[in-house]
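Student: Please take a single part, the sheet, and look at it closely with me. I am new to this structure, and I would like one connected account that begins with the terms I need.

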Amino acid sequence: MQRTPLVAPVVGALLLGLGATACSTQERNYEIPSTLCGTAVSPDLLEPFLPPGEGISMKESSLMNGFKKCRVLVDGIQVLSAGIDWREKEQSLTGAAYAAIGVGPGDKESDDGRYLYSDTGAVGEVVCPNPRRPDRKLFVTALGRGDRETGEAAMGKFIAAYAEAVGKSDECT
């Protein structure tokens with residue numbers, strides 16, 4: 001019995017269709033934002049955290065007194081979260097790192113001692129020229145998606161820029 005010559009074209013068409021699907025998911029079909037829940041952040045600093053996808057959204061929440069969280073979602077999946085957290089005045093950076101996810105006291109520390117960061121998370125101390133809560137100290141946190149390693153350098157740059165932007169925001173004035 002002879003085989004039909006249609007097998008090769010059908011398999012080829014299926015592979016071509018799968019290849020086209022794979023390529024479309026490899027593109028970022030949304031614009032990288034220039035703010036993170038209202039706080040100005042350079043799109044270049046957000047880019048390493050944002051995977052290919054069709055759409056991006058942000059959800060802001062206040063979890064408890066003095067703590068705000070901004071979640072960034074691509075196609076409904078959280079890819080980055082950033083927090084603003086007023087802590088006790090005596091809180092140290094390493095103490096804040098104990099409470100943060102994705103970063104710990106033994107991770108990379110910036111030369112000025114204001115930031116701790118890893119491949120997936122970071123914590124930073126915000127300099128507030130005129131804090132709205134003078135009895136507290138302000139920290140920022142960041143957590144990338146665990147299955148998408150962005151690298152220490154990208155996380156370090158992000159947390160430093162985010163802390164600076166928060167320091168110029170209404171949180172500090």
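Tutor: Two strands are said to pair if DSSP finds at least two bridges between them, while the strands themselves (E, at least two residues) and the helices (H or I, at least four) are DSSP runs, numbered from the N terminus. This is a predicted model, in which local features need pLDDT of at least 70 and side-chain atom pairs count only at pLDDT 80 or more, whereas totals for chains, interfaces and linings use all residues. Residues are numbered from 1 along each chain as its sequence is written, and side-chain values use heavy atoms, with hydrogens and water left out.

The sheet is open and has 7 strands, which pair in the antiparallel sense and follow the order β3-β4-β5-β9-β8-β7-β6. At its edges stand β3 (56–64) and β6 (108–109), and each has a single partner strand, so one side of each is left without a neighbour in the sheet.

Let us walk across the sheet from β3. This strand pairs with β4 over 8 bridges, in the antiparallel sense, and along the pairing Glu60 stands opposite Cys70, while Ser61 has Lys69 as its bridge partner. The hairpin of these two strands leaves 2 residues between them, and Gly66 takes a positive phi near 90° there. On the next step, 8 bridges join β4 to β5, again running antiparallel, with Phe67 opposite Asp85. These strands, too, form a hairpin with 2 residues between them, and Asp75 in its turn has a positive phi of about 50°.

From β5 the order passes to β9, and these two pair in the antiparallel sense over 9 bridges, Ala82 having Ala142 as its bridge partner. On to β8: 5 bridges join it to β9, and the two run antiparallel, with Gly124 standing opposite Val140. The loop between β8 (121–125) and β9 (136–144) holds Asp135, which is exposed, with a relative accessible area of 51%. The C-alpha atom of Asp135 is separated by 9.0 Å from that of Arg87, although the two are 48 residues apart along the chain.

What lies across the sheet? The helix α4 lies across β5, β6, β7, β8 and β9, and runs at about 145° to β9; such angles run from 0 to 180 degrees between the N-to-C directions of axes fitted to C-alpha atoms, for helices over the stretch in contact (heavy atoms within 4.5 Å). A nonpolar core is a set of buried Ala, Val, Leu, Ile, Met, Phe, Trp, Tyr and Cys residues joined through side-chain atoms within 4.5 Å, and the largest one here has 31 residues, with Leu36, Val126, Leu138, Val140, Phe158 and Tyr162 having the most contacts inside it. The elements that give two or more residues to this core include β4 (67–74), β5 (77–88), β9 and α4 (152–167), and the largest share, 6 residues, comes from α4. Leaving aside neighbours within four places in sequence, Leu36 touches residues that include Cys70, Ala82, Phe158 and Tyr162.

The search of the whole structure finds 2 disulfides. The other link considered here joins Cys128 to Cys172, S to S 1.8 Å, and is left-handed, with -40° about the S-S bond. Cys128 lies in the loop between β8 and β9 and Cys172 in the segment after α4, so this pair ties together parts that are 44 residues apart in sequence.

Terms used
Buried < 20%, exposed > 50% of the residue type's maximum accessible area, 1.4 Å probe, protein only. Disulfide = S-S within 2.5 Å.
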